[in-house]
Amino acid sequence: SKIQTDRVLGNAKVAHPKIFKKFRSPNDVYDFDWSTLPDAFALKPSRGLGGDGIVVVKKRFNESTWLTSSKNKITADDLKM
């Protein structure tokens, strides 16, 4: 679990990527203000296998559109899926 890893590393004062938001229910995804995310970030499932489901965002185009590491444009609506 990435959340448990975050807790353990934080308690040990080990540097690690910041978690911006933890979605606890599907409604949290729709209610979240996606424009508050930084220009570059990674969207990761809490539990995943082999990198499946990870979206790496490299650059922001506008308030709700970003460019992924695979050079695809993605919107806040795409991230909600």
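**Exercise 1. Is threonine 5 buried, exposed or partly exposed?**

*Solution.* Start with the ground rules. This is a predicted model, in which local features need pLDDT of at least 70, side-chain atom pairs count only at pLDDT 80 or more, and totals for chains, interfaces and linings use all residues. Residues are numbered from 1 along each chain as its sequence is written, and side-chain values use heavy atoms, with hydrogens and water left out.

Step 1. Take the cut-offs: buried means under 20% relative accessible area, exposed means over 50%, and partly exposed lies in between (1.4 Å probe, protein chains only).
Step 2. Threonine 5 has a relative accessible area of 43%, so the residue is partly exposed.
Step 3. Threonine 5 belongs to helix α1, residues 2-11. Helices (H or I, at least four residues) and strands (E, at least two) are DSSP runs, numbered from the N terminus.

**Exercise 2. Find the salt bridges and describe their partners.**

*Solution.* Step 1. Apply the rule: a side-chain nitrogen of Lys or Arg lies within 4 Å of a carboxyl oxygen of Asp or Glu. The count comes to 2 salt bridges.
Step 1. Take arginine 60 and aspartate 39. Their closest N and O atoms are 2.9 Å apart. Arginine 60 is in strand β2 (residues 55-62) and aspartate 39 is in the loop between α2 (26-31) and β1 (41-43), so this pair ties together parts 21 residues apart in sequence.
Step 2. Arginine 60 is buried at 18% relative accessibility. Aspartate 39 is partly exposed at 47%.
Step 3. Take lysine 80 and aspartate 77. Here the closest N and O atoms are 3.7 Å apart. Lysine 80 is partly exposed, at 22%, and aspartate 77 is exposed, at 52%.

**Exercise 3. Which residues make up the largest nonpolar core?**

*Solution.* Step 1. Such a core is a set of buried Ala, Val, Leu, Ile, Met, Phe, Trp, Tyr and Cys residues joined through side-chain atoms within 4.5 Å.
Step 1. The largest has 10 residues: Val29, Phe32, Trp34, Leu37, Phe41, Val57, Trp66, Ile74, Ala76 and Leu79.
Step 2. Check one member. Tryptophan 34 is buried, with a relative accessible area of 5%.

**Exercise 4. Work out how the strands pair.**

*Solution.* Step 1. Two strands pair if DSSP finds at least two bridges between them.
Step 1. β1 and β2 run antiparallel and are joined by 3 bridges. Phenylalanine 41 stands opposite valine 57 in β2.
Step 2. β2 and strand β3 (residues 65-68) also run antiparallel, joined by 4 bridges. Lysine 59 has leucine 67 in β3 as its bridge partner. A hairpin of 2 residues joins β2 to β3.
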